[in-house]
Amino acid sequence: MFPFSFTKAIDERAALSAGAAGGRYIAGGTTLVDLMRETVERPASVVDINALPYREIQLGPTGLRVGALVRMTDLAAHPEVRGQFPVISQALELSASAQLRNMATIGGNLMQRPRCLYFRDITSGCNRRQPGSGCPAIGGENRGHAVLGTSDQCVATHPSDLSVALVALDAVVLLRSARGDRRVPIGSFFRLPGTTPDQEHDLRPGELIVAIEVPAGAHTSRSGYLKVRDRQSYEFALTSAAVAMDIQGGLIRAARVAVGGVGTVPWRLPEVERALTGQAPSVQLWTDAAARAADGAKPLSGNRFKVELVKRTVARQLATVGARV
Amino acid sequence: MSTPSGSEECPHMSETNTGPFTINRRRFVGASAAVGGMVAAAPLLAGCAAEEQAEGTVTVNLSINGERRAVAVDNRTSLLDLLRERTELTGTKKGCNQGACGACTVLLGGRRVNSCLTLAVMCEGAEVTTIEGLADGDRLHPLQQAFIDHDAFQCGYCTSGQIMSGVACIAEKHTGSPGEIREWMSGNICRCGAYTNIVTAIAQTATRA
């Protein structure tokens, strides 16, 4: 680990000021400390933001608001979140381990770095870590990598389960800096790698995630998350699916579907949603709609299986959520 | 994931047993420092403990197993290294040192965390419970006793982390079935594969709690 200066921000003003001066925010530290020890991250200045008041979990008629410093454990266990936004609770409890979920925050979850062995290995090239140094994953070990949203610069998978659920539910990220507040739809918060894979999100220098908001809707309570992994627990997704549906009078009035483990960003599936909307639930419908789940996929040498697996993952989760009373 | 700088055991720092003269590295380093630094000790420290030995210390005030401590650390020191290297509480183990194995699990404010990913400087005012803080004098914590009764370990390296995590798992009431225990204990890896007996020990302790 490289040396750094450490400050604990006593309030928001102090945090934003330290952030504007180039300080790197730390909350749970589960990503940052790990990557600092690997010397992938080398911040000169680290700013502890845990004294800030972003701890609220509020449910109201317009939806859910979650402070950025809420721990994964606490959001997952919140009784009303479990009841009204089960896809969020499930995505969280299928993430990481109980220990890490006690530490990691909701804001930090969105800020996880890409899931790629080469990104973590400072002896290899990586266009995210060091622009222009190449992407050894494209011709190398790429079984866990993305098949959607990739570029010839980067094929790393986005690691967050929570973000897949939030993308499905049209969440909004609330950002704050000394220059003011911004509201960014989560779908445009994460950036495709393209030719600038080092730019992972729409966060400006010094800006802080304050909270996320998830709009209310008839679909949120009939929702769920399925994660397919190499081992049963404590593992990243090979594929995953977040599904929410509003089914009334025997017809699907609204459908929200996003997938994880397959994209360079959490991947929304509007074609699958269109195929579901207005239809009557049936086994055939789940299969037909899920057939569009890998549209545009570009498999690599080691991850061709994900193209079929993601379709089956979506079909399974549509059936599970669709059958729920 | 193994990397050159990350997870590998430091070869110079392992336990040393040389026939009639048995000395562990902790005593060795301590003795070397006491005689003004033997020549041989310098490269050991430089090679292995450099990140804990660096300049720029701050004092962290925290409670460890109910005892208030003021410990001088470098910014980079993890809570794990604070415990093991600064307070001689070596019951907490360093496995992967990257949050993947759970050997370093302690309770921080009553919640289980990976101490390897916790910066010590962020623990000002914190209450830490380690494996050394579980027993009541000579009376083992019920889960410690259950681990013995059910033979819930083999090599023992992951055991303190398993027990700390198990204590939290029981407090969280995630012990409704063997499957639930397995899921909520999945952050603790046991390379000997003692899982079946670990689950039994936790289940039995939860029932009696």
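Predicted model: local features only at pLDDT ≥ 70, side-chain atom pairs only at ≥ 80, totals over all residues.
# Two chains, two sheets

Let me start at one residue pair: Gly67(A) has Ala211(A), in strand S8(A), standing opposite.

Next, the helices of chain A. Which residues of H12(A) and H13(A) meet? From H12(A) they are Val283(A), Trp286(A), Thr287(A), Ala289(A) and Ala290(A), and from H13(A) they are Lys311(A), Val314(A), Ala315(A), Leu318(A), Ala319(A) and Gly322(A). By class, this contact has 8 nonpolar, 2 polar and 1 charged residues. In general, a pair of packed helices is described by the angle and the distance between their axes. For this pair, where H12(A) covers residues 283-290, the axes come within 8 Å and cross at roughly 145 degrees. The crossing is right-handed.

Is Gln317(A) buried or exposed? Gln317(A) is buried, because 25 other C-beta atoms lie within 10 Å. Leaving out residues up to four places away in sequence, Gln317(A) touches Gly224(A), Leu226(A), Ala241(A) and Val243(A). Leu35(A) is another matter: from Gln317(A) to Leu35(A) there are 282 residues in sequence and 34 Å in space, C-alpha to C-alpha.

Now chain B. Its open sheet of 5 strands has the order S4-S3-S7-S5-S6, and the pairing is mixed. The edge strands are S4(B), residues 67-74, and S6(B), residues 111-114, each pairing on one side only. From one strand to the next, the twist averages 45 degrees. Strands of a sheet pair through backbone hydrogen bonds, either parallel or antiparallel.

With S7(B), residues 127-129, strand S3(B), residues 57-64, runs parallel, and 2 bridges join them. Ser63(B) has Glu127(B) in S7(B) as its bridge partner. With S4(B), strand S3(B) runs antiparallel, joined by 8 bridges. Thr59(B) stands opposite Ala72(B) in S4(B). S3(B) and S4(B) form a hairpin with 2 residues between the strands, and in that hairpin Asn65(B) takes a positive phi near 55 degrees.

Over in another part of the sheet, helix H6(B), residues 159-171, lies across S5(B), residues 105-108, and S6(B), running at about 40 degrees to S5(B). The loop between helix H4(B), residues 79-86, and S5(B) holds Ala100(B). Ala100(B) counts as partly exposed, because it has 19 C-beta neighbours inside 10 Å. What separates the C-alpha atoms of Ala100(B) and Gly187(B), which are 87 residues apart along the chain? The separation is 7.2 Å.

How do the chains meet? In total, 29 residues of chain B are in contact with 24 residues of chain A. On the chain B side, the elements that give two or more residues are S6(B) and helix H7(B), residues 178-184. S6(B) gives the most, with 4 residues. By class, that side of chain B divides into 9 nonpolar, 15 polar and 5 charged residues.

Last, confidence. The predictor gives the complex an ipTM of 0.96 and a pTM of 0.90. Chain B averages a pLDDT of 82, with 73% of its residues scoring at least 70. Over residues 1-25 of chain B, pLDDT stays under 50, and the model has 32 contacts beyond four places in sequence for that stretch. Over residues 27-55 of chain B, pLDDT also stays under 50, and there the model has 22 such contacts.

Methods: Residues numbered from 1 in each chain as written. Chains lettered and ligands numbered in written order. Buried ≥ 20, exposed ≤ 12 C-beta atoms within 10 Å, placed from the backbone. Contact = placed C-beta atoms within 7 Å. Axes fitted to C-alpha atoms, helices over the stretch in contact; angles between N-to-C directions. Left-handed = near helix turned anticlockwise from the far one by under 90°. Nonpolar A, V, L, I, M, F, W, Y, C, P; charged D, E, K, R; others polar. Pairing = 2+ DSSP bridges. pLDDT = per-residue confidence, 0-100.
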